[in-house]
Amino acid sequence: MASVDTDSFVEKMEEKFHDNNSDSESYSDSDDDHANKPPLKASGSNVYRLFGREQPVHKVLGGGKPADILLWRNRRTTGIALGAGTAVWVFFQMMEYHLITFICHLLIMLLGALFLWSNASVFIHKSPLHIPHVVIPEDCVLEAASAIRIEINRAFVLLREIGTGRDLKKFLSVIAVLWVISVIGGWFHFLTLFYLFYLSLFTLPLLYEKYEDQVDAMGEKAMIEIKKQYAVFDAKVLSQIPIAGLKKD
């Protein structure tokens, strides 16, 4: 019975892929600039979008100046940001300069220069430097804290769902992701790993926006194959595991 259900599920997924593939090919025929591409269809369309995306990449990234920087709409600002991050990585990683030591030395030089100038200005008849009074607005702190609180609560909900043992698929997915992160973390130092993540922010969104139709088509094929393999694995292995209240898709 399990094999029959698996075969029917695989056939349905293949039919869905062939139906959607015709729609995705209509978008991939054009290699013009992203501005000439047709807008995304409504959510009810059969066109597959990576991660269920329903808006343009610029909107997904929040729009405004941050999205312009990540998508190289303002090349000068993007170049400065990317160059500064690369310089910081080279400074700390290649020259083996520690972050805490750098911050302390920088503060020592800054405070020393301000202190000396404030006292020397009296003797050289120069006006002392005007140091602005910096105050962090309460609204910004509350908004940031609220956003962080929401994400932390979501993480707690996810951990609780996994801990209850009712969703084996989600449990295996989280374990696989953590294992991959642990393997990648063993290849690089934390600073190098953080720099690679920083570098990917300036490359992956741009490449995805330029080749989104091709990437979406490949992502659709990958998701169908993953679901097919999971259906076989579920029928042969997971369904044989006696777990009380097991949640299945």
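The model considered here is a predicted one, and in it the protein contains 10 helices and 0 strands, so that the order of elements from the N terminus on reads α-α-α-α-α-α-α-α-α-α. Of the 249 residues in the protein, 18% are buried.

Three stretches, residues 75-92, 98-117 and 171-198, carry the annotation "transmembrane region" in an unreviewed UniProt entry. For residues 98-117, the end C-alpha atoms are separated by 29 Å, and the span is 95% helix and 0% strand. For residues 171-198, the corresponding separation is 28 Å, with 93% helix and 0% strand.

Helix α5, which comprises residues 99-123, has 25 residues and extends 37 Å from its first C-alpha to its last, a value close to the 36 Å expected at 1.5 Å a residue. Helix α10, made of residues 212-236, also has 25 residues, and its reach of 35 Å between the first and last C-alpha is likewise close to the expected 36 Å. The buried residues of α10 include the charged residues Glu-212, Asp-213, Asp-216, Glu-220, Lys-228 and Asp-234, and also Ala-217, Gly-219, Ile-224, Ala-231 and Ala-235.

The packing of one pair of helices can be followed in detail. Two packed helices are described by the angle between their axes and the distance between the axes. The axes of helix α6 (residues 138-163) and helix α7 (residues 168-187) come within 9 Å and cross at roughly 115 degrees, and this crossing is left-handed. At the contact, Leu-158, Glu-161 and Ile-162 of α6 meet Lys-170, Phe-171 and Val-174 of α7; by class, the residues involved are 4 nonpolar, no polar and 2 charged.

Backbone angles are of interest at two positions. Most residues other than glycine have a negative phi, and most peptide bonds are trans. Trp-72, however, is not a glycine and yet has a positive phi of about 60 degrees. This residue is found in the loop between α3 (64-70) and α4 (75-94), where Trp-72 is partly exposed, its relative accessible area being 27%. A positive phi of about 60 degrees is also taken by His-125, which is located just after α5.

Note on methods: Residues numbered from 1 in each chain as written. Predicted model: local features only at pLDDT ≥ 70, side-chain atom pairs only at ≥ 80, totals over all residues. Heavy atoms only, no water. Axes fitted to C-alpha atoms, helices over the stretch in contact; angles between N-to-C directions. Helix = DSSP H or I, 4+ residues; strand = E, 2+ residues; numbered from the N terminus. Left-handed = near helix turned anticlockwise from the far one by under 90°. Contact = heavy atoms within 4.5 Å. UniProt positions renumbered as here; feature names shortened; annotations may be inferred. Expected span 1.5 Å × (residues − 1). Buried < 20%, exposed > 50% of the residue type's maximum accessible area, 1.4 Å probe, protein only.
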